[in-house]
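Hello,

Here is the structure for your files. My notes on the ligand site and a few other features follow.

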Amino acid sequence: MAQVIAGELSAAGIRFGIVAGRFNSFMTEHLVAGAVDTIVRHGGNSDHISIMYVPGSFEIPLACRKLAQSGTVDAIVTVGAVIRGSTSHYELVCGQLARGISQVALDEGLPVTFGVVTAENIEQAIERSGSKAGNKGSEAAIAAIEMVNLFKEMKKVK
Ligand code: INI
């Protein structure tokens with residue numbers, strides 16, 4: 001019979017880092033709040049959440065690397081907001097960000113999840129930061145919880 005390995009959604013006992021870009025802070029504050037609220041509502045302890053602010057999404061990967069190397073967190077949730085309409089280097093910021101955080105996850109061996117809103121315009125960004133299209137910070141927190149628990153389950157497999 002197939003063995004199914006999946007992570008539960010309990011945040012109890014997990015130490016989280018949240019790395020947040022300050023750029024477009026109107027949205028990113030809602031994303032941080034969504035991530036924290038989701039962790040706590042899933043049984044996590046707010047004392048075990050470290051929130052690290054960086055200037056913008058471009059700086060998120062390096063901060064994730066340093067936080068991962070500090071050994072103080074089990075998973076990192078990234079949050080930011082990159083809006084195409086307000087930058088000429090949208091593709092560069094998004095590309096660097098996605099590549100960078102995946103690289104940190106693979107190199108450091110811990111979940112680094114993507115709660116960065118990438119949007120065509122401010123309206124879309126607001127919709128994805130806690131209004132009608134959900135909250136990307138919250139979604140990324142759920143993914144982080146599941147991934148940490150997935151690896152705990154893997155260790156139990158004989
Ligand atoms: N950073 C963002 O997080 N979102 C944006 O929409 C954005 N725009 O529009 O330029 C942005 N730029 C700043 C960038 O992330 C760096 O902080 C900056 O280039 C300094 O390295």
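A polar contact here is a pair of N or O atoms within 3.5 Å; within protein, one must be able to donate a hydrogen and the other to accept it, and residues adjacent in sequence count only if both atoms are side-chain atoms. By that rule, the side chain of Ser-57 has an N or O atom 2.7 Å from an oxygen atom of the ligand. Phe-58 brings a backbone N or O atom to 3.1 Å from a ligand oxygen. For Gly-56, a polar backbone atom is 3.4 Å from an oxygen atom of the ligand. The ligand alone exposes 460 Å², and the protein buries 78% of that (Shrake-Rupley areas, 1.4 Å probe).

Two points on the basis. This is a predicted model: local features need pLDDT of at least 70, side-chain atom pairs count only at pLDDT 80 or more, and totals for chains, interfaces and linings use all residues. Residues are numbered from 1 along each chain as its sequence is written, and side-chain values use heavy atoms, with hydrogens and water left out.

Now the shell. Residues around the ligand include Phe-23, Asn-24, Glu-59, Ile-83 and His-89 (near means a heavy atom within 4 Å). The shell divides into five nonpolar, six polar and one charged residue; Gly counts as polar, and Asp, Glu, Lys and Arg as charged.

Asn-24 also stands out in the backbone. Its phi is positive, near 60°. Asn-24 sits in the loop between β1 and α1 (25-41). Most residues other than glycine have a negative phi.

Last, salt bridges (a side-chain nitrogen of Lys or Arg within 4 Å of a carboxyl oxygen of Asp or Glu). The whole structure has nine. In one of them, Asp-74 pairs with Arg-15, with the closest N and O atoms 3.0 Å apart.

Best wishes

Methods
Helix = DSSP H or I, 4+ residues; strand = E, 2+ residues; numbered from the N terminus.
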